[in-house]
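Subject: A structure for you to look at

Hi there,

Here is the structure I promised to pass on to you. Have a look around it first, and then read my notes below.

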Amino acid sequence: MDFSAKLDDLQQHAAHAKAAAQAAMLESREQLRQRIDQAKVDGDLAAMDARQQVGEAAANARSNWAQMKADAAAKMDDFEAKMDRRADQRDAKLAARQADGAEADAADAIEFAAWTVDHAWLAVLDAIDTRIYADELAQQGRRK
């Protein structure tokens, strides 16, 4: 498996998210709402993909990662519900508390992403080690 390509894709994905966040800081609220709407569409597509992978993983008993992706999709649904409720609020103090909560959620999501990358790295190392071991055993079997 070409882990380098997958890690390159992950790096590009993170760079895109960083650039989008930086650009969003300079946008009007209307532009930001459009960006959020597009992110919701993208998130819905990713959630559908994650749900499909969970079904496949359950059928194939492959791994827990697909379930983690589905859990992340559920968190995205919760995020969307919070955004919808927030639009109905007009109290400045409440809005400030919600902003604090949204910032904390974003910080947690970034921390979770870092944790996920660390664990993906360990999974890659384990996969490489396991493949080397399997190949060594296969070579030993051919010699006998």
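Predicted model: local features only at pLDDT ≥ 70, side-chain atom pairs only at ≥ 80, totals over all residues.

Which element gives the most to the nonpolar patch? That is helix H4, with four residues.

Let me start with the whole chain. The protein chain has four helices and zero strands, so if you follow the elements from the N terminus on, they run α-α-α-α. Buried residues make up 11% of the 144 residues. The chain exposes about 11500 Å², and carbon and sulfur atoms supply 57% of that area. Among the contacts with a separation of 6 or more, 47% are between residues 24 or more positions apart.

Now for helix H4, which covers residues 92-143. How far apart should its ends be? At 1.5 Å a residue, its 52 residues should span 76 Å. At the start of H4, look for Asp-91: one of its side-chain oxygens comes to within 3.1 Å of the backbone nitrogen of Lys-93.

Back to the nonpolar patch, which lies on the surface. Its members are Leu-7, Leu-10, Val-117, Trp-121, Leu-122 and Leu-125, and together they have about 510 Å² of accessible area. Helix H1 (3-24) and H4 are the elements that give two or more residues to the patch.

An α-helix has 3.6 residues a turn, so residues three or four places apart point the same way.

Happy exploring!

Methods: Residues numbered from 1 in each chain as written. Heavy atoms only, no water. Expected span 1.5 Å × (residues − 1). Polar contact = N/O pair within 3.5 Å; in protein donor to acceptor, adjacent residues only side chain to side chain. Patch = residues over 30% accessible without salt bridge, like charges linked within 9 Å, V, L, I, M, F, W, Y side chains within 5 Å. Areas by Shrake-Rupley, 256 points an atom, 1.4 Å probe, with all protein chains shown as cover. Salt bridge = Lys/Arg side-chain N within 4 Å of Asp/Glu carboxyl O. Buried < 20%, exposed > 50% of the residue type's maximum accessible area, 1.4 Å probe, protein only. Contact = heavy atoms within 4.5 Å.
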